[in-house]
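Please look over the sequence and the model before reading on.

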Amino acid sequence: MKRYKLLYLVTGFASVLMIGCNDMENTPSNKFTDNSFWNSTEKAQYVVNMAYSQMYNAGRMWQDESLSDNVFDGRNVTDPRAIRKGMGTPSLELFKNEWKDLYGGIKTCHVFLEKVDLVPGMNVAVKARMIAEIRFIRAFIYFRLTNLYGDVPFFDKDITIDESNSIARTPRATIISFIHQELEDIANALPTRDQLQDAEQGKITKGAVSALQARVYLMDSDWDNVIKYCDNLIKKQNEYGTYSLLPTYRSVFEETNEYNQEIILDRAYVPFLLTWGEMSDMAPLSVGARLCNRAPQQSLVDSYLMVDGKAFNENSPLYNPSTPYANRDLRLTATVVYDGYDWSKNVSDGSTGTIIQINPQSNTVDKYEAGSNKTATGYYTRKYYSPQAKGDMNSGVNLSIIRYADILLMYAEAQFEKGNMDATIWNQTILPLRNRAGFTEEAKAYPTEKTEAEMRQIIRNERRCELALEGLRWYDIKRWKAGKEYLEGYVYGANFNNGNPIRLDKRQFDENRDYLWAVPQSQINLNPNLAPNNPGYSN
(Lines give C-alpha, C1' and ligand atoms only; values in the text may rest on other atoms or scores of the structure.)
Protein backbone atom coordinates (compact mmCIF):
# COMPACT_ATOMS: atom_id res chain seq x y z
CA MET A 1 0.00 0.00 0.00
CA LYS A 2 1.39 3.40 -1.04
CA ARG A 3 1.53 5.79 1.88
CA TYR A 4 3.92 8.69 2.09
CA LYS A 5 5.13 8.49 -1.48
CA LEU A 6 3.60 11.89 -2.26
CA LEU A 7 6.41 13.28 -0.12
CA TYR A 8 8.63 12.85 -3.15
CA LEU A 9 6.34 14.38 -5.71
CA VAL A 10 7.51 17.78 -6.81
CA THR A 11 5.11 18.20 -9.72
CA GLY A 12 4.84 21.85 -10.59
CA PHE A 13 7.96 22.55 -8.58
CA ALA A 14 10.60 20.91 -10.75
CA SER A 15 11.53 24.25 -12.27
CA VAL A 16 13.61 24.97 -9.19
CA LEU A 17 16.23 22.55 -10.52
CA MET A 18 18.17 25.29 -12.19
CA ILE A 19 21.37 25.68 -14.22
CA GLY A 20 23.73 28.54 -13.50
CA CYS A 21 27.26 29.56 -14.34
CA ASN A 22 28.77 26.95 -12.07
CA ASP A 23 27.20 23.72 -10.92
CA MET A 24 28.07 24.52 -7.31
CA GLU A 25 26.05 27.75 -7.51
CA ASN A 26 22.90 27.14 -9.54
CA THR A 27 21.08 30.45 -9.96
CA PRO A 28 17.32 29.84 -9.91
CA SER A 29 14.99 30.95 -12.67
CA ASN A 30 11.93 31.32 -10.43
CA LYS A 31 11.14 32.46 -6.88
CA PHE A 32 12.84 29.59 -5.06
CA THR A 33 15.48 31.76 -3.40
CA ASP A 34 13.35 34.87 -3.08
CA ASN A 35 12.32 35.71 0.45
CA SER A 36 8.72 36.14 -0.69
CA PHE A 37 8.51 32.44 -1.58
CA TRP A 38 8.91 31.38 2.04
CA ASN A 39 5.46 32.30 3.28
CA SER A 40 4.01 28.94 4.37
CA THR A 41 4.91 25.59 5.91
CA GLU A 42 3.60 23.92 2.75
CA LYS A 43 6.16 25.70 0.57
CA ALA A 44 8.93 24.78 2.98
CA GLN A 45 7.77 21.17 2.66
CA TYR A 46 7.99 21.44 -1.15
CA VAL A 47 11.69 22.21 -0.83
CA VAL A 48 12.22 19.30 1.57
CA ASN A 49 10.41 17.08 -0.94
CA MET A 50 12.74 18.20 -3.69
CA ALA A 51 15.81 17.51 -1.55
CA TYR A 52 14.58 13.95 -0.96
CA SER A 53 14.28 13.46 -4.72
CA GLN A 54 17.82 14.79 -5.25
CA MET A 55 19.37 12.56 -2.58
CA TYR A 56 19.18 9.31 -4.57
CA ASN A 57 17.39 7.76 -7.52
CA ALA A 58 17.12 4.65 -9.66
CA GLY A 59 19.51 5.98 -12.29
CA ARG A 60 22.29 6.30 -9.72
CA MET A 61 21.66 2.87 -8.25
CA TRP A 62 21.76 1.04 -11.59
CA GLN A 63 24.68 3.15 -12.79
CA ASP A 64 26.62 2.11 -9.68
CA GLU A 65 25.81 -1.54 -10.41
CA SER A 66 27.26 -1.12 -13.90
CA LEU A 67 30.53 0.00 -12.32
CA SER A 68 30.79 -3.36 -10.53
CA ASP A 69 31.30 -6.99 -11.49
CA ASN A 70 27.59 -7.75 -11.01
CA VAL A 71 26.22 -6.52 -14.33
CA PHE A 72 27.39 -5.63 -17.83
CA ASP A 73 26.15 -2.86 -20.13
CA GLY A 74 26.17 -4.94 -23.29
CA ARG A 75 24.31 -3.07 -25.99
CA ASN A 76 26.10 0.28 -25.88
CA VAL A 77 29.38 1.61 -24.53
CA THR A 78 27.79 3.55 -21.70
CA ASP A 79 29.91 5.78 -19.49
CA PRO A 80 30.14 3.13 -16.70
CA ARG A 81 31.26 0.59 -19.30
CA ALA A 82 33.85 3.04 -20.65
CA ILE A 83 35.16 3.60 -17.10
CA ARG A 84 35.58 -0.14 -16.58
CA LYS A 85 37.38 -0.42 -19.92
CA GLY A 86 39.91 2.16 -18.69
CA MET A 87 38.56 4.86 -21.02
CA GLY A 88 37.41 7.42 -18.46
CA THR A 89 38.65 10.99 -18.99
CA PRO A 90 37.91 14.29 -17.22
CA SER A 91 35.54 15.13 -20.11
CA LEU A 92 33.28 12.10 -19.54
CA GLU A 93 29.62 13.13 -19.37
CA LEU A 94 28.93 10.96 -16.31
CA PHE A 95 31.65 12.70 -14.30
CA LYS A 96 30.20 16.08 -15.24
CA ASN A 97 26.52 15.24 -14.77
CA GLU A 98 26.92 13.54 -11.42
CA TRP A 99 28.90 16.49 -10.08
CA LYS A 100 26.22 18.89 -11.32
CA ASP A 101 23.31 16.89 -9.88
CA LEU A 102 24.90 16.34 -6.48
CA TYR A 103 25.82 19.98 -6.04
CA GLY A 104 22.28 20.83 -7.15
CA GLY A 105 21.09 18.83 -4.15
CA ILE A 106 23.54 20.65 -1.88
CA LYS A 107 22.15 23.94 -3.21
CA THR A 108 18.60 22.92 -2.29
CA CYS A 109 19.66 22.03 1.24
CA HIS A 110 21.52 25.29 1.78
CA VAL A 111 18.70 27.46 0.47
CA PHE A 112 16.27 25.67 2.80
CA LEU A 113 18.51 26.14 5.84
CA GLU A 114 19.00 29.81 4.98
CA LYS A 115 15.34 30.62 4.33
CA VAL A 116 13.24 28.40 6.58
CA ASP A 117 13.27 30.89 9.46
CA LEU A 118 11.33 33.29 7.23
CA VAL A 119 8.24 31.07 7.29
CA PRO A 120 5.69 32.80 9.57
CA GLY A 121 4.07 30.90 12.42
CA MET A 122 5.81 27.61 11.66
CA ASN A 123 5.43 24.93 14.30
CA VAL A 124 8.75 24.64 16.16
CA ALA A 125 8.79 20.84 16.20
CA VAL A 126 7.86 20.61 12.51
CA LYS A 127 10.64 23.02 11.59
CA ALA A 128 13.21 21.19 13.72
CA ARG A 129 12.33 17.92 12.05
CA MET A 130 12.53 19.39 8.55
CA ILE A 131 15.92 20.89 9.35
CA ALA A 132 17.16 17.51 10.60
CA GLU A 133 15.94 15.83 7.40
CA ILE A 134 17.70 18.42 5.25
CA ARG A 135 20.94 18.06 7.20
CA PHE A 136 20.76 14.28 6.77
CA ILE A 137 20.24 14.67 3.01
CA ARG A 138 23.17 17.09 2.78
CA ALA A 139 25.38 14.63 4.68
CA PHE A 140 24.26 11.79 2.40
CA ILE A 141 25.08 13.80 -0.73
CA TYR A 142 28.49 14.90 0.56
CA PHE A 143 29.24 11.26 1.38
CA ARG A 144 28.49 10.27 -2.20
CA LEU A 145 30.62 13.13 -3.52
CA THR A 146 33.63 12.02 -1.48
CA ASN A 147 33.15 8.39 -2.52
CA LEU A 148 33.22 9.37 -6.18
CA TYR A 149 35.68 12.28 -6.32
CA GLY A 150 37.66 12.18 -3.05
CA ASP A 151 38.54 15.78 -2.09
CA VAL A 152 35.74 18.07 -3.26
CA PRO A 153 34.63 21.68 -2.71
CA PHE A 154 32.93 21.85 0.66
CA PHE A 155 30.75 24.58 2.14
CA ASP A 156 27.97 24.53 4.72
CA LYS A 157 25.97 27.51 3.47
CA ASP A 158 24.80 28.89 0.14
CA ILE A 159 27.62 30.51 -1.82
CA THR A 160 27.81 33.10 -4.57
CA ILE A 161 28.87 32.49 -8.15
CA ASP A 162 32.17 34.28 -7.49
CA GLU A 163 32.83 32.08 -4.47
CA SER A 164 32.00 28.93 -6.44
CA ASN A 165 34.48 29.96 -9.14
CA SER A 166 37.32 30.35 -6.66
CA ILE A 167 36.79 27.70 -3.98
CA ALA A 168 39.40 24.95 -3.62
CA ARG A 169 38.87 21.29 -2.82
CA THR A 170 38.57 20.31 0.84
CA PRO A 171 40.31 17.13 2.06
CA ARG A 172 37.97 14.17 2.21
CA ALA A 173 38.80 13.55 5.88
CA THR A 174 37.50 17.01 6.83
CA ILE A 175 34.21 16.39 5.02
CA ILE A 176 33.80 12.94 6.58
CA SER A 177 34.33 14.46 10.03
CA PHE A 178 31.61 17.00 9.25
CA ILE A 179 29.25 14.22 8.14
CA HIS A 180 29.70 12.28 11.36
CA GLN A 181 29.12 15.38 13.49
CA GLU A 182 26.02 16.35 11.50
CA LEU A 183 24.50 12.92 11.94
CA GLU A 184 25.32 12.94 15.65
CA ASP A 185 23.68 16.36 16.05
CA ILE A 186 20.40 15.53 14.30
CA ALA A 187 19.67 12.01 15.59
CA ASN A 188 17.43 13.02 18.48
CA ALA A 189 15.42 15.45 16.35
CA LEU A 190 14.02 12.60 14.27
CA PRO A 191 11.37 9.99 15.12
CA THR A 192 11.98 6.26 15.09
CA ARG A 193 10.34 4.02 12.53
CA ASP A 194 7.83 2.92 15.17
CA GLN A 195 6.77 6.53 15.78
CA LEU A 196 5.90 7.29 12.15
CA GLN A 197 2.25 7.75 11.25
CA ASP A 198 1.02 5.86 8.18
CA ALA A 199 1.13 9.06 6.13
CA GLU A 200 4.79 9.58 7.08
CA GLN A 201 6.20 6.28 5.82
CA GLY A 202 9.36 6.96 3.83
CA LYS A 203 10.63 9.82 5.96
CA ILE A 204 14.12 9.83 7.42
CA THR A 205 14.26 8.37 10.93
CA LYS A 206 16.63 8.09 13.86
CA GLY A 207 17.38 4.53 12.73
CA ALA A 208 18.40 5.80 9.28
CA VAL A 209 20.85 8.20 10.94
CA SER A 210 22.57 5.37 12.82
CA ALA A 211 22.59 3.20 9.68
CA LEU A 212 24.24 5.94 7.63
CA GLN A 213 26.80 6.49 10.38
CA ALA A 214 27.69 2.80 10.16
CA ARG A 215 28.00 2.93 6.38
CA VAL A 216 30.24 6.01 6.44
CA TYR A 217 32.51 4.42 9.05
CA LEU A 218 32.52 1.20 7.00
CA MET A 219 34.12 3.02 4.08
CA ASP A 220 37.06 3.86 6.35
CA SER A 221 37.26 0.40 7.96
CA ASP A 222 36.60 2.00 11.35
CA TRP A 223 35.38 -1.28 12.79
CA ASP A 224 34.75 -0.04 16.34
CA ASN A 225 32.32 2.61 15.14
CA VAL A 226 30.68 0.28 12.64
CA ILE A 227 29.96 -2.06 15.56
CA LYS A 228 28.74 0.82 17.73
CA TYR A 229 26.18 2.11 15.24
CA CYS A 230 25.05 -1.33 14.10
CA ASP A 231 24.58 -2.23 17.77
CA ASN A 232 22.07 0.62 18.00
CA LEU A 233 19.90 -1.07 15.39
CA ILE A 234 20.41 -4.65 16.56
CA LYS A 235 20.37 -4.32 20.34
CA LYS A 236 18.69 -0.96 21.09
CA GLN A 237 15.51 -1.16 19.07
CA ASN A 238 13.43 0.48 21.78
CA GLU A 239 15.50 3.60 21.15
CA TYR A 240 16.28 3.37 17.43
CA GLY A 241 13.27 1.56 15.97
CA THR A 242 12.16 -2.01 15.42
CA TYR A 243 13.74 -3.79 12.46
CA SER A 244 13.90 -7.42 11.39
CA LEU A 245 14.27 -9.60 8.30
CA LEU A 246 11.20 -10.44 6.26
CA PRO A 247 10.53 -14.20 6.10
CA THR A 248 11.18 -14.44 2.35
CA TYR A 249 13.88 -12.63 0.41
CA ARG A 250 11.86 -11.93 -2.72
CA SER A 251 9.12 -10.18 -0.79
CA VAL A 252 11.51 -7.47 0.46
CA PHE A 253 11.53 -5.91 -3.02
CA GLU A 254 7.86 -6.24 -3.92
CA GLU A 255 5.51 -3.29 -4.10
CA THR A 256 2.96 -4.89 -1.80
CA ASN A 257 5.55 -4.99 1.02
CA GLU A 258 6.97 -1.48 0.77
CA TYR A 259 7.96 0.22 4.03
CA ASN A 260 8.35 -3.21 5.59
CA GLN A 261 10.25 -3.82 8.82
CA GLU A 262 13.50 -4.60 6.97
CA ILE A 263 13.70 -1.23 5.22
CA ILE A 264 15.62 1.47 7.11
CA LEU A 265 15.86 3.98 4.26
CA ASP A 266 14.52 3.78 0.72
CA ARG A 267 13.89 5.83 -2.41
CA ALA A 268 10.16 5.99 -2.95
CA TYR A 269 8.30 5.94 -6.25
CA VAL A 270 4.60 6.04 -7.21
CA PRO A 271 3.08 3.87 -9.98
CA PHE A 272 2.13 5.92 -13.05
CA LEU A 273 3.10 9.19 -11.34
CA LEU A 274 6.72 9.01 -10.19
CA THR A 275 8.44 6.03 -11.81
CA TRP A 276 11.77 4.70 -12.99
CA GLY A 277 12.23 3.04 -16.36
CA GLU A 278 15.52 1.14 -16.24
CA MET A 279 13.77 -2.23 -15.94
CA SER A 280 12.60 -1.91 -19.55
CA ASP A 281 16.23 -2.48 -20.55
CA MET A 282 16.92 -5.34 -18.12
CA ALA A 283 13.89 -7.67 -17.90
CA PRO A 284 13.20 -10.49 -20.37
CA LEU A 285 11.83 -9.22 -23.67
CA SER A 286 9.03 -11.77 -23.49
CA VAL A 287 7.49 -9.99 -20.48
CA GLY A 288 7.49 -6.55 -22.07
CA ALA A 289 11.03 -5.15 -22.01
CA ARG A 290 12.12 -3.26 -25.12
CA LEU A 291 15.72 -4.54 -25.18
CA CYS A 292 18.44 -5.72 -22.81
CA ASN A 293 21.27 -3.29 -22.22
CA ARG A 294 22.22 -4.14 -18.64
CA ALA A 295 22.53 -7.86 -17.84
CA PRO A 296 23.89 -9.90 -14.91
CA GLN A 297 27.39 -11.29 -15.32
CA GLN A 298 28.37 -14.92 -14.88
CA SER A 299 30.55 -13.96 -11.92
CA LEU A 300 27.45 -12.84 -10.03
CA VAL A 301 25.64 -16.08 -10.84
CA ASP A 302 28.71 -18.07 -9.76
CA SER A 303 28.71 -16.36 -6.36
CA TYR A 304 25.44 -18.07 -5.35
CA LEU A 305 26.34 -21.31 -3.58
CA MET A 306 24.60 -24.64 -3.61
CA VAL A 307 22.27 -24.90 -0.63
CA ASP A 308 24.76 -27.27 1.02
CA GLY A 309 27.26 -24.38 1.11
CA LYS A 310 29.51 -25.66 -1.68
CA ALA A 311 30.34 -23.72 -4.82
CA PHE A 312 28.05 -24.81 -7.64
CA ASN A 313 30.92 -26.28 -9.68
CA GLU A 314 32.30 -28.36 -6.83
CA ASN A 315 31.59 -32.02 -6.26
CA SER A 316 28.38 -31.33 -4.37
CA PRO A 317 25.91 -34.24 -4.30
CA LEU A 318 23.26 -31.63 -5.12
CA TYR A 319 24.96 -30.40 -8.29
CA ASN A 320 23.80 -31.56 -11.72
CA PRO A 321 25.49 -29.94 -14.75
CA SER A 322 22.30 -30.35 -16.79
CA THR A 323 20.37 -28.26 -14.24
CA PRO A 324 23.03 -25.82 -12.98
CA TYR A 325 20.54 -23.45 -11.33
CA ALA A 326 18.77 -26.06 -9.22
CA ASN A 327 19.46 -26.50 -5.49
CA ARG A 328 21.06 -23.07 -5.30
CA ASP A 329 20.85 -20.23 -2.80
CA LEU A 330 17.25 -18.97 -3.14
CA ARG A 331 18.52 -15.42 -3.60
CA LEU A 332 19.71 -16.38 -7.10
CA THR A 333 16.19 -17.02 -8.35
CA ALA A 334 14.99 -13.80 -6.69
CA THR A 335 17.74 -11.80 -8.42
CA VAL A 336 18.62 -13.27 -11.83
CA VAL A 337 16.58 -14.71 -14.71
CA TYR A 338 18.43 -17.68 -16.23
CA ASP A 339 17.76 -20.24 -18.96
CA GLY A 340 14.76 -22.38 -17.97
CA TYR A 341 13.55 -19.84 -15.40
CA ASP A 342 10.04 -20.59 -14.17
CA TRP A 343 8.61 -17.09 -14.54
CA SER A 344 5.06 -17.93 -13.54
CA LYS A 345 6.22 -19.56 -10.30
CA ASN A 346 8.56 -16.76 -9.29
CA VAL A 347 6.74 -13.62 -10.46
CA SER A 348 3.21 -12.87 -9.29
CA ASP A 349 1.98 -11.31 -12.54
CA GLY A 350 -0.86 -13.72 -13.26
CA SER A 351 0.99 -15.66 -15.95
CA THR A 352 0.79 -19.44 -16.17
CA GLY A 353 3.27 -21.90 -17.61
CA THR A 354 5.79 -19.25 -18.64
CA ILE A 355 9.35 -20.57 -18.84
CA ILE A 356 12.08 -18.18 -19.96
CA GLN A 357 14.27 -19.85 -22.57
CA ILE A 358 17.56 -18.13 -23.30
CA ASN A 359 19.92 -20.80 -24.68
CA PRO A 360 20.92 -20.39 -28.36
CA GLN A 361 19.05 -23.57 -29.35
CA SER A 362 15.69 -22.12 -28.31
CA ASN A 363 13.49 -20.23 -30.74
CA THR A 364 12.13 -17.59 -28.38
CA VAL A 365 12.20 -13.83 -28.10
CA ASP A 366 14.61 -14.09 -25.14
CA LYS A 367 17.05 -16.35 -27.01
CA TYR A 368 20.68 -15.34 -26.61
CA GLU A 369 22.07 -13.84 -29.81
CA ALA A 370 25.38 -12.01 -29.84
CA GLY A 371 25.10 -8.37 -30.88
CA SER A 372 21.32 -8.25 -30.74
CA ASN A 373 18.83 -6.39 -28.55
CA LYS A 374 18.75 -9.47 -26.34
CA THR A 375 20.93 -10.25 -23.35
CA ALA A 376 24.68 -10.05 -23.93
CA THR A 377 25.43 -12.41 -21.04
CA GLY A 378 22.64 -14.99 -21.26
CA TYR A 379 20.87 -13.60 -18.19
CA TYR A 380 18.16 -11.06 -17.42
CA THR A 381 17.23 -9.22 -14.22
CA ARG A 382 14.54 -10.39 -11.80
CA LYS A 383 15.22 -8.31 -8.69
CA TYR A 384 13.04 -5.20 -8.44
CA TYR A 385 10.85 -6.32 -11.34
CA SER A 386 7.32 -5.40 -10.38
CA PRO A 387 4.30 -6.50 -12.44
CA GLN A 388 2.98 -3.44 -14.25
CA ALA A 389 -0.08 -2.57 -16.25
CA LYS A 390 0.08 -4.34 -19.60
CA GLY A 391 2.63 -2.73 -21.87
CA ASP A 392 4.06 -0.47 -19.17
CA MET A 393 7.58 -1.17 -17.87
CA ASN A 394 7.89 2.09 -15.93
CA SER A 395 8.15 0.93 -12.34
CA GLY A 396 6.72 2.48 -9.20
CA VAL A 397 8.45 0.06 -6.83
CA ASN A 398 10.61 1.57 -4.08
CA LEU A 399 14.37 1.02 -4.08
CA SER A 400 16.21 0.07 -0.92
CA ILE A 401 19.01 2.41 0.19
CA ILE A 402 19.77 0.76 3.55
CA ARG A 403 18.03 -2.27 5.01
CA TYR A 404 18.42 -4.39 8.10
CA ALA A 405 20.22 -7.21 6.27
CA ASP A 406 23.00 -4.74 5.46
CA ILE A 407 23.28 -3.85 9.15
CA LEU A 408 23.77 -7.53 10.01
CA LEU A 409 26.42 -7.88 7.31
CA MET A 410 28.30 -4.72 8.32
CA TYR A 411 28.25 -5.93 11.92
CA ALA A 412 29.52 -9.40 10.94
CA GLU A 413 32.35 -7.98 8.85
CA ALA A 414 33.41 -5.52 11.53
CA GLN A 415 33.42 -8.17 14.25
CA PHE A 416 35.41 -10.52 12.02
CA GLU A 417 38.01 -7.87 11.16
CA LYS A 418 38.33 -7.09 14.88
CA GLY A 419 39.05 -10.79 15.51
CA ASN A 420 35.79 -11.33 17.38
CA MET A 421 33.89 -13.60 15.00
CA ASP A 422 32.55 -16.68 16.75
CA ALA A 423 29.47 -18.89 16.67
CA THR A 424 27.43 -16.37 18.66
CA ILE A 425 28.06 -13.50 16.23
CA TRP A 426 27.65 -15.81 13.22
CA ASN A 427 24.28 -16.93 14.57
CA GLN A 428 23.20 -13.30 15.06
CA THR A 429 24.15 -12.21 11.56
CA ILE A 430 24.92 -14.78 8.84
CA LEU A 431 22.66 -17.55 10.11
CA PRO A 432 19.36 -15.61 9.69
CA LEU A 433 20.34 -14.69 6.14
CA ARG A 434 21.19 -18.27 5.25
CA ASN A 435 18.01 -19.49 6.90
CA ARG A 436 16.03 -17.27 4.58
CA ALA A 437 18.14 -18.31 1.59
CA GLY A 438 17.24 -21.98 2.07
CA PHE A 439 20.60 -23.42 3.13
CA THR A 440 20.93 -26.83 4.75
CA GLU A 441 21.67 -27.16 8.45
CA GLU A 442 25.30 -28.01 7.72
CA ALA A 443 25.74 -24.94 5.52
CA LYS A 444 24.16 -22.69 8.15
CA ALA A 445 26.48 -23.84 10.94
CA TYR A 446 29.44 -21.68 11.97
CA PRO A 447 32.45 -22.86 9.88
CA THR A 448 35.06 -23.61 12.53
CA GLU A 449 37.68 -25.12 10.22
CA LYS A 450 38.15 -22.17 7.87
CA THR A 451 41.31 -20.08 7.63
CA GLU A 452 41.16 -16.33 8.16
CA ALA A 453 41.32 -15.73 4.40
CA GLU A 454 38.59 -18.27 3.74
CA MET A 455 36.36 -16.78 6.42
CA ARG A 456 36.83 -13.29 5.03
CA GLN A 457 35.79 -14.54 1.61
CA ILE A 458 32.69 -16.24 3.04
CA ILE A 459 31.54 -12.98 4.66
CA ARG A 460 32.31 -10.92 1.57
CA ASN A 461 30.50 -13.37 -0.70
CA GLU A 462 27.50 -13.41 1.64
CA ARG A 463 27.39 -9.65 1.30
CA ARG A 464 27.51 -9.84 -2.48
CA CYS A 465 24.66 -12.35 -2.74
CA GLU A 466 22.42 -10.63 -0.21
CA LEU A 467 22.88 -7.09 -1.55
CA ALA A 468 23.31 -7.77 -5.28
CA LEU A 469 21.75 -5.16 -7.60
CA GLU A 470 21.27 -2.67 -4.77
CA GLY A 471 24.06 -0.31 -5.84
CA LEU A 472 26.59 -1.29 -3.16
CA ARG A 473 29.00 -3.76 -4.79
CA TRP A 474 31.29 -1.15 -6.39
CA TYR A 475 31.74 0.62 -3.05
CA ASP A 476 32.62 -2.65 -1.33
CA ILE A 477 35.26 -3.35 -3.98
CA LYS A 478 36.55 0.20 -3.54
CA ARG A 479 36.90 0.00 0.25
CA TRP A 480 38.49 -3.46 0.06
CA LYS A 481 40.96 -2.09 -2.51
CA ALA A 482 40.11 -5.16 -4.59
CA GLY A 483 39.77 -3.57 -8.01
CA LYS A 484 42.39 -5.81 -9.60
CA GLU A 485 40.73 -8.89 -8.13
CA TYR A 486 37.21 -8.20 -9.36
CA LEU A 487 37.39 -5.60 -12.14
CA GLU A 488 40.38 -6.66 -14.24
CA GLY A 489 40.16 -9.01 -17.21
CA TYR A 490 37.35 -10.40 -19.31
CA VAL A 491 33.66 -10.15 -18.53
CA TYR A 492 31.92 -13.50 -18.98
CA GLY A 493 28.38 -14.62 -19.61
CA ALA A 494 26.62 -17.99 -19.50
CA ASN A 495 28.16 -21.22 -20.78
CA PHE A 496 26.44 -21.14 -24.18
CA ASN A 497 29.54 -21.47 -26.37
CA ASN A 498 29.79 -25.26 -26.62
CA GLY A 499 30.02 -25.46 -22.87
CA ASN A 500 32.37 -22.49 -22.67
CA PRO A 501 31.35 -19.12 -21.25
CA ILE A 502 30.46 -16.15 -23.45
CA ARG A 503 33.47 -13.81 -23.44
CA LEU A 504 32.77 -10.09 -23.57
CA ASP A 505 34.74 -6.94 -22.70
CA LYS A 506 38.25 -7.00 -21.38
CA ARG A 507 38.19 -4.63 -18.44
CA GLN A 508 41.18 -2.69 -17.14
CA PHE A 509 41.70 -1.42 -13.62
CA ASP A 510 44.43 1.00 -12.63
CA GLU A 511 44.96 0.86 -8.86
CA ASN A 512 46.47 4.34 -8.92
CA ARG A 513 43.54 5.92 -10.75
CA ASP A 514 40.29 4.02 -10.81
CA TYR A 515 39.12 4.19 -7.20
CA LEU A 516 38.21 7.85 -7.84
CA TRP A 517 36.54 9.72 -10.66
CA ALA A 518 38.05 12.74 -12.36
CA VAL A 519 36.97 16.21 -11.36
CA PRO A 520 35.06 17.27 -14.51
CA GLN A 521 37.13 19.22 -16.99
CA SER A 522 34.28 21.69 -17.37
CA GLN A 523 34.54 22.54 -13.67
CA ILE A 524 38.32 23.01 -13.76
CA ASN A 525 37.85 25.30 -16.78
CA LEU A 526 35.53 27.45 -14.66
CA ASN A 527 37.62 27.23 -11.52
CA PRO A 528 41.34 26.46 -11.88
CA ASN A 529 41.59 26.12 -8.09
CA LEU A 530 40.06 22.65 -8.46
CA ALA A 531 43.29 21.48 -10.12
CA PRO A 532 45.31 19.37 -10.01
CA ASN A 533 42.96 16.56 -10.89
CA ASN A 534 42.88 13.17 -9.19
CA PRO A 535 45.86 10.89 -9.93
CA GLY A 536 45.87 9.36 -13.39
CA TYR A 537 43.64 11.99 -15.00
CA SER A 538 45.41 14.60 -17.11
CA ASN A 539 43.72 17.91 -17.87
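**Charge pairs and burial**

Asp514 and Arg513 are both buried (under 20% relative accessible area; exposed is over 50%, partly exposed in between; 1.4 Å probe, protein chains only). The two form a salt bridge, with the closest N and O atoms 2.6 Å apart. A salt bridge here is a side-chain nitrogen of Lys or Arg within 4 Å of a carboxyl oxygen of Asp or Glu. This is a predicted model: local features need pLDDT of at least 70, side-chain atom pairs count only at pLDDT 80 or more, and totals for chains, interfaces and linings use all residues. Residues are numbered from 1 along each chain as its sequence is written, and side-chain values use heavy atoms, leaving out hydrogens and water.

**Salt bridges**

- The structure holds 46 salt bridges.
- Side chains of opposite charge can pair when their charged atoms come close.
- Glu466 and Arg436 meet through their side chains in a salt bridge of 2.9 Å, N to O.
- That pair links distant parts of the chain, 30 residues apart: Glu466 sits in helix 17 (residues 452-467) and Arg436 in helix 15 (residues 423-436). Helices (H or I, at least four residues) and strands (E, at least two) are DSSP runs, numbered from the N terminus.
- Glu466 is buried at 0% relative accessible area, and Arg436 counts as buried at 9%.
- Glu114 and Lys115 form another salt bridge, the closest N and O atoms being 3.5 Å apart.
- Glu114 is partly exposed, with a relative accessible area of 45%, whereas Lys115 is buried at 10%.

**Cysteines**

- The disulfide count is zero, taking a disulfide as a pair of cysteine sulfur atoms within 2.5 Å.
- Cys230 is in no disulfide; its nearest cysteine sulfur, that of Cys465, is 20 Å away.
- Cys230 counts as buried, at 0% relative accessibility.
- Cys109 is also buried, with a relative accessible area of 0%.

**Asp69**

- Asp69 lies in the loop between helix 2 (58-66) and strand 1 (71-73).
- At 3% relative accessibility, Asp69 counts as buried.
- Its side chain joins that of Arg473 in a polar contact of 2.8 Å. A polar contact is a pair of N or O atoms within 3.5 Å; within protein, one must be able to donate a hydrogen and the other to accept it, and residues adjacent in sequence count only if both atoms are side-chain atoms.
- Asp69 touches several residues (heavy atoms within 4.5 Å), among them Gln297, Arg464, Arg473, Tyr486 and Arg507, not counting residues up to four places away in sequence.
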